[in-house]
Amino acid sequence: MNNQVLEDEIDIREVFSVINQYKKVIITFIVISTIIAAIYAYFKPSIYISSSTVEVGIEQTGGGVSKQDILAAATGGSASSADTEMDIIKSRFLASRALEKVDLNHRYYGTQLLKERELYKNSPFDVNLTKGEDISFDLYPIDQTFFRLEAGGVDKRSKEKWSYDKVHRYGTEIAEDRFAFVVTKKESKELDLDHYRFVIMSSESAVDQVVAAVSVAPLSEQSAILRITYEDEVPLRAQEYADALAESYIEQSVYQKTQEASKTLEFVDNQLLEISENLKTSAQQLEKFKIQTSMISLEAKAQGVVERMAAYETQLAEITIEEKLLDSLYSQVRYGKDLETLSVAGLNDKGGSGAALATLVKELQETVLKAKMMRGDFTEEYPEVKKLTRQSAQLKAIIIDTIKNMKNSISERKGLIEKTMTEQEKLLSELPQDEKEFGKLQRKFVINEKIYSYLLEQRSATAIAKASTVSKNRVVDEATYPDTPSKPNKQLIVMVGLILGLILGIAYAFISEFLDDTINSEDDIAKGTHAGILGSIPNFRDNKEGSLRVFRRPKSSATEAFRNVRTNLQFMAHNEGSQVIMVTSTIAGEGKTSVSSSLAGVISMTGKKVVLINLDMRKPMLHRVFGLPNNEGISTVLSGHALLADTIQHTAYENLDIISSGPIPPNPSELIQGKRMDDVIAKLKSNYDVIILDTPPVGLVTDAHALMRIADTTVYVVRAGYAKKGFLKGIEKLYSSEGVHGFAIVLNDVNVERHGYGYGYGYGGGYYEEKS
């Protein structure tokens, strides 16, 4: 259990260690992501939402089961469902009606602080366009009289690019092949911006845009009140269009209901013109006959026959009109011609059958109109369209059957009237010739007079019905002006950008850490080898030749780190007398020369005599660290060309001498492995307490392998962030090898921000680095 807790603590510590190491990168990600989010939020247009509500009424027939109940049973749904009403409100048909009240075709924009905003009614100019819809124009005011106009695009037909750039005067027509319009400056507005843009949208484009921005939903599941919501970049236009759409919805339902009355008035007016002429003619003929025959009136018997004949003929005329109406209605319903404008003029007052027929026709018109609206937005396979189509077919079948029944009834009535009229004509034929002619003229006049009176009554009643028609729907709440935008939530966008930057930064840190195959910490070393660790050296830069940082800044974190290594080396010393310490690395550039020279310096501070030998004869660097010449050195001693005493150079620091590498020999490996090397070490032991060997990298040459046999301690330098983790396999192999004494590792150039040394000095080795 304790081990598990310890592992969890180590994991958490490693997580925070990685975050701390990459904190600058993470902060950079956060700042960049937040700035991008803020820019996006600034330039993203604000959207304002305004809503109006309408109540959807349900009409019912009087007495008994409603026709809608019949249709619901036949088609499986209501003929006036809320879903259908919502689809009608969202239809292109209704959108085009609403656009007649609100101007969404003219779009004016102004650019201020790099952001383009729509001006709507605040535009300082108007555009009266006759040609060139859906083209974006850029307008640059020059002064109060002239402006520069720019435009461009791709021709829809030829697919060729075109551009336009000319100076024009306000109020003059601009006529080109692709467009023609007049820009008129408003006297009440100032042209206070440097750049404007305008687009005159086509009706189709405007309808497409508003339909996409409209949503309709009931206030609750069982509510008959619908909320109409419209989104727009301009708050005033959002309010105006939401109201316009609600008004258009009410108006279309009223318009649909008044179509029947309009058709009735048209029919009655036409009949009145005809009957008026007939009445005038019959009156003139009757008056003329009276003058010619000096006959003022008929006898009682003749008067009775004439009155009865007139009554029957009036009935017959009304029946004939009714029969014509039924024939016309039958033809329209059967062949589906102009179903939206069906008229039942003169039929809906003929008792129960006429009223029922009028109700059926009205329901058919509503269903056909709804289906027509929805076909503008949906296909025939849309469920609601299919349902309305089934309802229309059912209604047409019922109407046709009703018309047939009414025509049969009319035929029977007509036969009875004609039979009675035949009997009355026999009585009329028995009268004297003058009375017979007078009766004929008087009967004609009376018939025309009654028909004229009847038509006047019908017209008056129909006009009253039309004027008093109201919609079953009503506006409950008008739209309000939206003071604040509903979206986007700019604060949320910036916050999301900040969080996203944090996530991306942390992800980058852990991915980089995962992909990093270099050694960065003592933990990395401990995972790859059993070799001990003498200590870690923070990164530092020592560019000043001729002096060591450990002497120049004895209280620095780097100097303290070397003192720690010195202390650990003392614990590793098991032999009395002089100690031979070998310093090596896997590859060049890991800082073994810096480590060996600094280590020699801190050991010499204790009063021990230290000699530092540069055995890396292929690329000598030690003499530069101390600012000494390299004319003679260990290479001349081992080759027999110089005495050891002559090659020892005293440094500026007490108790610290060096032997430089000397001229580069052709065979450094053979010199190092020769017997003279053992003699040199033996002689130096007699004069120095500590002998430090700066050797070549073991991963590149074999020189260091030979020197390990004479070294009491092998210090293996591993540069953090530079040495690969794969090097640890070779280090472990060396550590386990026979003949290797006191093997330990120094982690060099450690990132102090990650490992908490408190000071950072940047490290610049570059020992074996190739120059590009």
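**Figure 1. Strand S10 and its pairing partners in the predicted model.** Strands S5 and S10 are paired in the antiparallel sense, and four bridges connect them. This view, like those that follow, is taken from a predicted model. His 106 has Ile 200 of S10 as its bridge partner. Strand S10 spans residues 196-200, and five of its five residues are buried, so the strand is largely enclosed by the rest of the structure. Both faces of S10 are covered: one side carries the buried residues Tyr 196, Phe 198 and Ile 200, and the other carries Arg 197 and Val 199, which are buried as well.

**Figure 2. The open sheet of six strands that contains S10.** The strand order is S3-S2-S10-S5-S6-S7, and the pairing is antiparallel. Strand S3 (115-118) and strand S7 (161-169) are the edge strands, each of which pairs on one side only. On average, neighbouring strands of this sheet are turned by 25 degrees against each other, direction ignored. Strands of a sheet pair through backbone hydrogen bonds, in either the parallel or the antiparallel sense. The pairing of strand S5 (residues 136-141) with strand S6 (residues 146-154) is antiparallel and comprises five bridges. Pro 141 finds its bridge partner in S6 at Phe 147.

Figure 3. Most residues other than glycine have a negative phi. Leu 113 has a phi near 55 degrees, a positive value in a residue other than glycine. Leu 113 is found in the loop between strand S2 (106-112) and S3. With a relative accessible area of 66%, Leu 113 is exposed. For Lys 159, phi is near 65 degrees, again a positive value in a residue other than glycine. Lys 159 is placed in the loop between S6 and S7. Lys 159 counts as exposed because its relative accessibility is 61%, where exposed means over 50%.

**Figure 4. The open sheet of three strands, S4-S9-S8.** The three strands form an open sheet in this order, with antiparallel pairing. The edge strands are strand S4 (125-131) and strand S8 (173-175), each pairing on one side only. Neighbouring strands of the sheet are turned against each other by 20 degrees on average, direction ignored. Between S8 and strand S9 (residues 180-185), the antiparallel pairing runs over three bridges. The bridge partner of Ala 175 in S9 is Ala 180.

**Figure 5. The packing of helix H15 against helix H16.** Two packed helices are described by the angle between their axes and the distance between the axes. Helix H15 (residues 557-572) packs with helix H16 (residues 592-604) at an angle of about 75 degrees, and the axes are 9 Å apart. H15 is therefore roughly perpendicular to H16, a description that applies to angles from 65 to 115 degrees. On the H15 side the contact is made by Thr 559, Phe 562, Val 565, Arg 566 and Leu 569, and on the H16 side by Ser 594, Val 595, Ser 598, Leu 599, Val 602 and Ile 603. Of the residues in this contact, seven are nonpolar, three are polar and one is charged.

Figure 6. Thr 559 belongs to helix H15. With a relative accessible area of 0%, Thr 559 is buried. The side chain of Thr 559 reaches the backbone oxygen of Arg 553 at 2.8 Å. Leaving aside neighbours within four places in sequence, Thr 559 is in contact with Arg 549, Val 550, Arg 553, Pro 554 and Val 602.

**Figure 7. The cis peptide bond at Pro 488.** Most peptide bonds are trans. The bond from Lys 487 to Pro 488 is cis, with omega near 0 degrees. Pro 488 lies in the loop between strand S13 (474-477) and helix H12 (490-515).

**Figure 8. The protein chain as the setting of the close-up views.** The chain has 24 helices and 21 strands. Of its 772 residues, 47% are buried. Among contacts between residues at least 6 apart in sequence, 78% join residues at least 24 apart.

Conventions:
Residues numbered from 1 in each chain as written. Predicted model: local features only at pLDDT ≥ 70, side-chain atom pairs only at ≥ 80, totals over all residues. Heavy atoms only, no water. Axes fitted to C-alpha atoms, helices over the stretch in contact; angles between N-to-C directions. Helix = DSSP H or I, 4+ residues; strand = E, 2+ residues; numbered from the N terminus. Parallel < 35°, antiparallel > 145°, perpendicular 65-115°, else oblique. Contact = heavy atoms within 4.5 Å. Nonpolar A, V, L, I, M, F, W, Y, C, P; charged D, E, K, R; others polar. Buried < 20%, exposed > 50% of the residue type's maximum accessible area, 1.4 Å probe, protein only. Polar contact = N/O pair within 3.5 Å; in protein donor to acceptor, adjacent residues only side chain to side chain. Pairing = 2+ DSSP bridges.
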